[in-house]
Amino acid sequence: MKVLVPVKRVLDYNVKPRVKADGSGVDLANVKMSMNPFDEIAVEEAIRLKEKGVATEIVAVSIGEAKAQETLRTALAMGADRAILVQTDEKAEPLAIAKILAKIAGEEQPGLIILGKQAIDDDNNQTGQMLAGLLGWGQGTFASKVEVSGETVKVTREVDGGLETDSFKLPAIVTTDLRLNEPRYASLPNIMKAKSKPLGVKSPGDYGVDVTPRLTTLKVVEPPKRTAGVKVADVDELVAKLKAMGVAK
Amino acid sequence: MKTLVWVEHDGATVKDATLSAVTAASKLGEVHLLVAGQGVGAVAEQAAKIAGVGKVHVADDAAFAHALAENVAPLVAELMASHDAFVVPATSNGKNVAPRVAALLDVMQISDILSVEGPDTFTRPIYAGNAIATVQTKDAKKVITVRGTAFEKAAPEGGSGAIEAVASTGDKGLSTFEGQEIAKSERPELTSAKIIVSGGRALQNSENFHAIIEPLADKLGAGVGASRAAVDAGYVPNDYQVGQTGKIVAPEVYIAVGISGAIQHLAGMKDSKTIIAINKDEDAPIFQVADIGLVGDLFKVVPELTQKL
Ligand SMILES: Cc1cc2nc3c(=O)[nH]c(=O)nc-3n(C[C@H](O)[C@H](O)[C@H](O)COP(=O)(O)OP(=O)(O)OC[C@H]3O[C@@H](n4cnc5c(N)ncnc54)[C@H](O)[C@@H]3O)c2cc1C
Ligand SMILES: Nc1ncnc2c1ncn2[C@@H]1O[C@H](COP(=O)(O)O)[C@@H](O)[C@H]1O
């Protein structure tokens, strides 16, 4: 079974986002960019499936600017076999991404597509579910455990009240939650090896998908700032404050 | 504009998150509801009483019993022929279903809205709430998820919606519900608690978490939350997690105990009315957002606090 893993290049999660003064967005010039953390988990899960003999080939896909090649090389260094970059300078939205991925799924015929549950830049949490809808496949979202057996995949999902387990007919979509696994670091030899793994470059036009955004961002601002309040010296002072607030009697 | 609000319920009662979604939808136009589930007559009757609600569409079928997106999305897509906006609380079920509906309708979803600025314009948080974007959609139909903490709850009583049964679109045969582990707790639910006590990595283990955080929470009648580090380390279950990728909360009082204040954690609680932080490191970032800070060893000060309350 082939596994497809879509990965997005985003602002590194350790970097504090800065809103541009002109209100046009978040400043991405000269800041560290990395693979979306949930997508690292997706790549790791695919590799584990391959190590278990369930997956035969792992194809990483990214839609974005030329630099997304770096993100794909990271996926290859972790253990993906091959990569596809669908290159565009347009900031494609989840709906367009899902349409491109649906076309790639048609060509590649994967048994499983593992995505992150959300990209930590736009926090959309949409692409996997949209892709599942377009393909007419099942969607095991927010996964903290994935078990493939025969023609089904059983997914333990992190839901509001705790955990829910559902099973899905293959082929299916899985989106990862944080506790699914801990992604490995790529070793130096594997980073070297990744340089010669195949990476094909395509364009949205090759798949007949229009990536013109449906949403227009009118402005981006910083949220209201909270300021530090007071420090109390001891528990008695804290108790007094809580009483004054009516929180404690 | 005619909106269709997806009712989040547990088979017996309407969940609070629905009420915030109703408020958001009422800013767009007429509010209709969809109650999908199995044996949901009582839920539908309860939903019909929500203030300001028009029609309540009820789809009662085993296929909808566990809100599986594969079965619910086609039902919604059909109902959307006569509605202009699908409005969904940003709960885990809502986030699972809405984008699948959006794809079926060829609409770009607007996730997690904080406000309605106009019929096609909304604000929403990006980058873990470090930026707020105002976005305008070109799509004729809208699919929207609503951040519960950003909208007042509609009154649960006072309405008189007309209940109408809709035909089931059936089981698509793609997915099966296998089971669930839903934590039962006497404490208030995180997303509606007035006071929350949250513990972090500093608690060191599950025993300490229970012995130190819970008595304080019980004294205050508070809900219990946690940082991701505490959840990852297995001190508490996943549904305790507050943050960018966990629950978004905005209680009257949020007490962070042994939590450093990473941006991903702040994303989930920085709209709380009053933030109280207890941390032994006076330079911990949590103090930059805390209204009241106490520098000290939690193993000493929290039991003392619990005892003195
Ligand atoms: C993609 C992504 C998503 C994430 N989503 C979330 C999320 O939703 N929610 C979330 O919480 N995190 C999230 N994180 C993790 C986040 O980055 C932090 O790692 C996490 O919040 C740290 O948890 P903590 O504050 O408990 O632990 P630490 O950062 O280790 O802080 C522990 C604190 O306890 C203090 N302390 C230690 N001992 C004592 C003592 N005896 N008494 C008093 N204080 C003490 C220390 O001074 C320190 O400040 C996410 C990370 C990523 C990459
Ligand atoms: N530009 C992209 N290229 C490849 N995969 C993407 C892209 N955008 C989103 N994805 C995938 O979809 C997931 C969810 O993203 P989102 O719906 O934007 O929050 C991500 O974790 C990725 O797996």
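At 3% relative accessibility, A:Phe142 falls under the 20% limit and therefore counts as buried. This residue belongs to strand β7 of chain A, which covers residues 138-149. Although A:Phe142 is not a glycine, its phi angle is positive, at about 55 degrees. These values, like those that follow, were computed from a predicted model.

B:Ala67 is not a glycine either, and it has a positive phi of about 55 degrees. The residue is placed in the loop that runs between β3 (53-60) and α3 (69-79) of chain B. With a relative accessible area of 13%, B:Ala67 is buried. In chain A, the peptide bond leading from A:Leu170 to A:Pro171 adopts the cis form, its omega being near -5 degrees. A:Pro171 itself is found in the loop between β9 (162-169) and β10 (172-176) of chain A.

The overall architecture of chain A was examined next. Six helices and 13 strands were assigned to chain A. The C-alpha trace of this chain spans about 65 × 45 × 40 Å along its principal axes. Of the 249 residues in chain A, 55% are buried. Among contacts in chain A between residues at least 6 apart in sequence, 69% link residues that are at least 24 apart.

The nonpolar interior was then considered. In soluble globular proteins, nonpolar side chains tend to be buried together. The largest nonpolar core in the model comprises 93 residues, of which B:Leu33, B:Phe86 and B:Ile113 touch the most other members. Helix α3 of chain A (residues 94-108) provides the largest share of this core, namely nine residues. Apart from it lies another core, which has 39 residues, including A:Met35, A:Phe38, A:Ile58 and A:Leu178. When neighbours within four places in sequence are left aside, B:Leu33 is in contact with residues of chain B that include B:Leu4, B:Val5, B:Val7 and B:Val22. Further contacts of B:Leu33 are made with B:Ala47, B:Ile50, B:Val53, B:Lys55, B:Val56 and B:His57.

Ligand 1 is surrounded by 29 residues, the closest being B:Arg201, B:Ser227, B:Val242, B:Thr245 and B:Ser260. Because residues from chains A and B surround ligand 1, the site is shared between chains. By class, the shell is made up of 11 nonpolar, 13 polar and five charged residues. Three helices of chain B, α6 (228-232), α7 (263-269) and α8 (298-308), each supply at least two residues of this shell.

Polar contacts to the ligand involve both side-chain and backbone atoms of chain B. In the side chain of B:Arg201, an N or O atom is 2.6 Å from an oxygen atom of ligand 1. A nitrogen atom of the ligand lies 2.8 Å from a backbone N or O atom of B:Val242. At B:Lys280, a polar backbone atom is 3.1 Å from a nitrogen atom of ligand 1. Ligand 1 has 990 Å² of accessible area on its own, and the protein covers 85% of it.

Conventions: Residues numbered from 1 in each chain as written. Chains lettered and ligands numbered in written order. Predicted model: local features only at pLDDT ≥ 70, side-chain atom pairs only at ≥ 80, totals over all residues. Heavy atoms only, no water. Helix = DSSP H or I, 4+ residues; strand = E, 2+ residues; numbered from the N terminus. Buried < 20%, exposed > 50% of the residue type's maximum accessible area, 1.4 Å probe, protein only. Near = heavy atom within 4 Å. Polar contact = N/O pair within 3.5 Å; in protein donor to acceptor, adjacent residues only side chain to side chain. Areas by Shrake-Rupley, 256 points an atom, 1.4 Å probe, with all protein chains shown as cover. Nonpolar A, V, L, I, M, F, W, Y, C, P; charged D, E, K, R; others polar. Core = buried A, V, L, I, M, F, W, Y, C linked by side-chain atoms within 4.5 Å. Contact = heavy atoms within 4.5 Å.
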